[in-house]
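Subject: Structure for your review

Hello,

Here is the structure for you to look over. My notes on what was found in it follow below.

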Amino acid sequence: MAKTTKKETVDKKNAPKTETLKSWRPNKQQRFVLGCLLVLFSIALLVAFISFYVNGQWQTDQSAVSQLGDRSEVVQNWLGKFGAFLADLIVYKGFGIASFILVRLFFLTGMFLALELSTKKLKGIWFWDLFAIIIVSVLFGFFATSAPELGGTIGYELNLFLQDYIGKTGTLLTLLFGLIIYLIFKIKLSPEKIQSYFDSTKKEFKSELGSLKPQQAESAYNLEEFAIEEDPELDNIHLKSNDTQFEINKEALKPTINHSSEIDLNPVVKPVQMDIKPATVAPVVHTEEFVIEKAEEEDIIEENLASRLVADFGLFDPTLDLSNYKFPTIDLLKEYSTGGITINQEELEENKNKIVDTLRNYKIEIAQIKATVGPSVTLYEIVPEAGIRISKIKSLEDDIALSLSALGIRIIAPIPGKGTIGIEVPNKNPTMVSMKSVIGSAKFQEAEMELPIALGKTISNETFVVDLAKMPHLLMAGATGQGKSVGLNAVLTSLLYKKHPAEVKFVLVDPKKVELTLFNKIERHYLAKLPDTDDAIITDNAKVVNTLNSLCVEMDNRYSLLKDAMVRNIKEYNEKFRARKLNPEAGHRFLPYIILVVDEFADLIMTAGKEVEIPIARLAQLARAIGIHLIIATQRPSVNVITGLIKANFPARIAFRVTSKIDSRTILDTQGADQLIGRGDLLYTNGNDVVRVQCAFIDTPEVEKITDFIGSQKAYATAYLLPEFVGEETGINLDMDISERDTLFREAAEIIVNAQQGSASLLQRKLKLGYNRAGRLIDQLEAAGIVGPFEGSKARSVNISDLSALDQFFNNEQN
């Protein structure tokens with residue numbers, strides 16, 4: 001066993017004491033006691049300082065301070081002789097009125113210690129408060145020379161010291177400079193805050209205008225045909241006709257959130273009576289008020305953003321690049337109707353009698369019937385008597401259509417979630433649903449969705465709003481002229497009214513070349529395209545394949561970013577990026593939603609076939625989590641166009657009127673689309689129930705006004721660029737002739753070898769080339785063996801390690 005020397009023994013005895021002294025930190029109880037002591041001391045200072053000025057101690061107690069040891073000496077300070085001593089030492093002989101800042105310092109320090117808060121901020125608090133004490137003390141010493149108690153001895157002497165060397169003017173300028181430093185770095189004063197102060201009057205004016213109440217919407221029901229008898233003691237208005245008595249609740253005529261128009265039709269065998277209880281229409285949105293409130297909202301958002309940037313940067317805001325961007329105003333849209341519906345009592349009565357009589361002819365009695373009036377269709381809900389088979393009523397669809405002499409009779413047996421059978425009958429005078437009415441509705445404006453879309457109004461006259469992010473892809477089909485293009489415009493318009501250009505990008509494919517061309521004006525705001533392409537809207541089917549594969553590359557790149565960020569979807573990723581938890585130098589960036597819109601999918605399938613179907617299916621399967629969503633429209637919903645592979649990944653579907661039951665089953669997996677009445681009448685399903693909606697109408701001039709409004713504002717430098725895509729055939733049959741190489745071949749090779757990354761986009765940036773020439777250079781570099789083959793979304797491998805090896809390569813070629 002080794003012996004321990006005397007020196008080692010001494011070191012061991014001394015070591016614990018040294019380590020204990022270095023590592024000593026106050027425990028929880030000690031911190032709390034020390035904090036309480038500092039808080040109480042700050043209160044004592046406050047009492048002493050206040051009484052110093054209130055009682056005039058600087059005059060009455062001045063002589064007593066020097067004789068504090070004499071117990072018979074009387075002082076006026078509220079804290080006694082100790083308070084008089086502190087006030088004389090810190091206030092009179094110290095910093096004057098600026099000494100009150102010391103009270104704040106001791107109080108905050110005590111609270112930080114007692115409450116076990118992080119003491120990192122205390123260093124900054126002490127520095128800036130001591131800085132403020134000196135500035136304030138010298139300021140009072142400069143201006144209040146006749147009142148030495150205000151600036152204190154230190155402030156007065158520092159003032160005289162500065163004046164001896166830089167004069168009064170220099171002293172004043174120095175104090176102003178110190179004050180400016182304090183305001184900028186401590187108070188966080190900025191030009192934006194000054195501007196917001198001067199804009200406060202403007203905001204107050206806007207808020208006063210915004211507080212104006214919209215006029216109460218008048219009932220859109222046509223009641224002129226009825227004789228009205230009003231009883232002041234009753235709550236109902238009785239409307240009388242020849243054979244039927246209607247009761248309309250007056251409370252239901254007031255504008256409410258409930259937008260349905262329901263009419264109870266309760267038949268009695270002899271005679272049949274109908275109770276009508278129409279709910280009201282959606283309140284009309286006052287255009288001027290909506291615009292003012294929207295503008296005020298944007299001003300507040302801009303002010304908040306400015307304050308966030310000043311205060312420790314705050315959350316990252318992707319909209320700052322276009323911080324002055326204004327959303328389209330609602331007055332750009334037309335109002336094609338009053339926004340309500342008109343109840344035709346005679347039509348309701350006639351249709352009710354025909355339905356009852358037709359069913360009675362087949363010995364089917366009805367216990368109850370109720371009507372819900374929509375913009376273009378009225379839903380009659382019937383409750384059959386006990387013992388009646390539902391399938392028997394459903395088989396009478398053609399007979400009911402014949403008796404009503406109407407096109408588009410649709411029977412829902414039973415209505416999901418209700419114990420009734422629905423019979424949808426088109427109105428003789430349908431009401432047009434304007435895009436303005438659905439955009440201005442409270443349901444759309446208050447929708448808390450990632451990608452809200454206002455399609456139109458349901459059969460109960462309620463605005464129908466869905467979230468594209470939850471669909472996650474949408475398939476639209478319908479015969480020619482039934483409203484597909486208008487439906488696409490409604491989808492795009494909804495997103496333009498809700499999402500900032502930094503939050504969403506569109507990839508538009510328009511083989512017709514005429515439907516989506518108006519959106520060219522917002523290319524640098526909202527559109528995405530391939531690099532080195534002239535038009536953002538794709539009209540050439542040959543370019544669609546490259547675009548779809550480019551989206552697949554973008555999808556793979558985004559999944560890599562999600563993997564590095566350890567999140568599962570784009571929402572979590574962007575929240576983490578906004579919170580500045582992801583490093584942009586590591587490749588992270590804010591990810592906008594990308595929406596691919598294809599106006600005529602059948603034409604692409606005919607020309608490209610599998611080259612289109614495979615990337616579409618791949619995007620549909622995987623792209624949901626990373627914010628790429630697909631909207632595909634076609635006029636031929638046949639099985640060779642909408643294949644099983646595509647249908648399986650498009651649970652959300654919209655069917656406009658089609659020509660056959662087979663087409664209806666192809667798009668919806670059920671019949672019903674062949675019985676629609678056209679002109680925007682559609683069925684929507686997301687894998688569950690089928691909802692009938694009257695699509696909102698938006699005309700070409702309205703779209704043009706919106707795109708002009710957006711296009712006239714400041715935009716990004718270019719459209720959103722998708723990643724480059726080079727087909728897998730690259731490298732096959734490449735030109736090996738050295739004489740036909742590009743003049744920049746050697747320079748390009750040096751750039752690639754230096755960066756050790758084979759990428760056409762790298763050559764574009766470094767050599768300022770177009771995409772086509774950069775792609776040819778990459779082909780020639782691959783043919784020469786400098787870079788490896790195409791590997792999908794990854795950069796090509798570089799086969800030469802450094803520039804010396806590259807020089808050797810070229811020397812060998814020449815030899």
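The secondary structure of the chain consists of 29 helices and 19 strands. The model is predicted. Its pLDDT averages 78 over the chain, and 77% of the residues score at least 70. Over residues 305-309 the pLDDT is below 50, and this stretch has seven contacts in the model beyond near neighbours in sequence. Residues 728-735 also stay under 50, with ten contacts beyond four places in sequence.

Of the 815 residues in the chain, 47% are buried. The chain exposes about 42,000 Å², of which carbon and sulfur atoms supply 55%. Among contacts with a separation of 6 or more, 68% are between residues 24 or more positions apart.

Core

The largest nonpolar core has 113 residues, and Phe506, Phe601 and Tyr684 have the most contacts inside it. Helix H19 (residues 541-565) gives the most to this core, with nine residues. In soluble globular proteins, nonpolar side chains tend to be buried together. Leaving aside neighbours within four places in sequence, phenylalanine 506 is in contact with Leu492, Leu495, Leu496, Tyr526, Leu527, Ala528 and Ile595.

Helix H12

Helix H12 covers residues 345-361, which is 17 residues. At 1.5 Å a residue it should span 24 Å, and its end C-alpha atoms are 24 Å apart, so the two agree. The buried residues in H12 are Gln345, Glu347, Leu348, Glu349, Asn351, Lys352, Ile355, Val356, Thr358 and Leu359. An α-helix has 3.6 residues a turn, so residues three or four places apart point the same way. After H12 comes lysine 363, with a positive phi near 60°.

The loop between E10 and E11

Histidine 473 lies in the loop between strand E10 (463-467) and strand E11 (474-477). Proline 472 is in the loop between E10 and E11 too, and the peptide bond from methionine 471 to proline 472 is cis, with omega near 0°. Histidine 473 has a relative accessible area of 0%, so it counts as buried, the cut-off being under 20%. What does the side chain of histidine 473 reach at 3.0 Å? It reaches the backbone nitrogen of leucine 630. A polar atom of the histidine 473 side chain also lies 3.2 Å from the backbone oxygen of alanine 620. Not counting residues up to four places away in sequence, histidine 473 touches Leu619, Ala620, Ile628, His629, Leu630, Asn649, Phe650 and Ala652.

Lysine 418

Lysine 418 is in the loop between strand E7 (410-412) and strand E8 (421-426). With a relative accessible area of 41%, lysine 418 is partly exposed. Its side chain makes a polar contact of 3.4 Å with the side chain of glutamate 381. Lysine 418 and glutamate 381 are 37 residues apart in sequence, and their C-alpha atoms are 9.6 Å apart in space.

Positive phi in other loops

Asparagine 461 is not a glycine, and its phi is positive, near 65°. Asparagine 461 sits in the loop between strand E9 (452-458) and E10, and at 2% relative accessibility it counts as buried. Arginine 679, also not a glycine, has a positive phi of about 55°. Arginine 679 is found in the loop between helix H24 (661-668) and strand E17 (681-685). Is arginine 679 buried or exposed? Arginine 679 is exposed, with a relative accessible area of 71%.

Regards

Note on methods. Residues are numbered from 1 along each chain as its sequence is written. This is a predicted model: local features need pLDDT of at least 70, side-chain atom pairs count only at pLDDT 80 or more; totals for chains, interfaces and linings use all residues. Side-chain values use heavy atoms; hydrogens and water are left out. Helices (H or I, at least four residues) and strands (E, at least two) are DSSP runs, numbered from the N terminus. The expected span of a helix is 1.5 Å times one less than its number of residues. Buried means under 20% relative accessible area, exposed over 50%, partly exposed in between (1.4 Å probe, protein chains only). A nonpolar core is a set of buried Ala, Val, Leu, Ile, Met, Phe, Trp, Tyr and Cys residues joined through side-chain atoms within 4.5 Å. Contact means heavy atoms within 4.5 Å. A polar contact is a pair of N or O atoms within 3.5 Å; within protein, one must be able to donate a hydrogen and the other to accept it, and residues adjacent in sequence count only if both atoms are side-chain atoms. Accessible areas come from the Shrake-Rupley method with a 1.4 Å probe; for residues, only the protein chains shown count as cover. pLDDT is the predictor's confidence in each residue, from 0 to 100.
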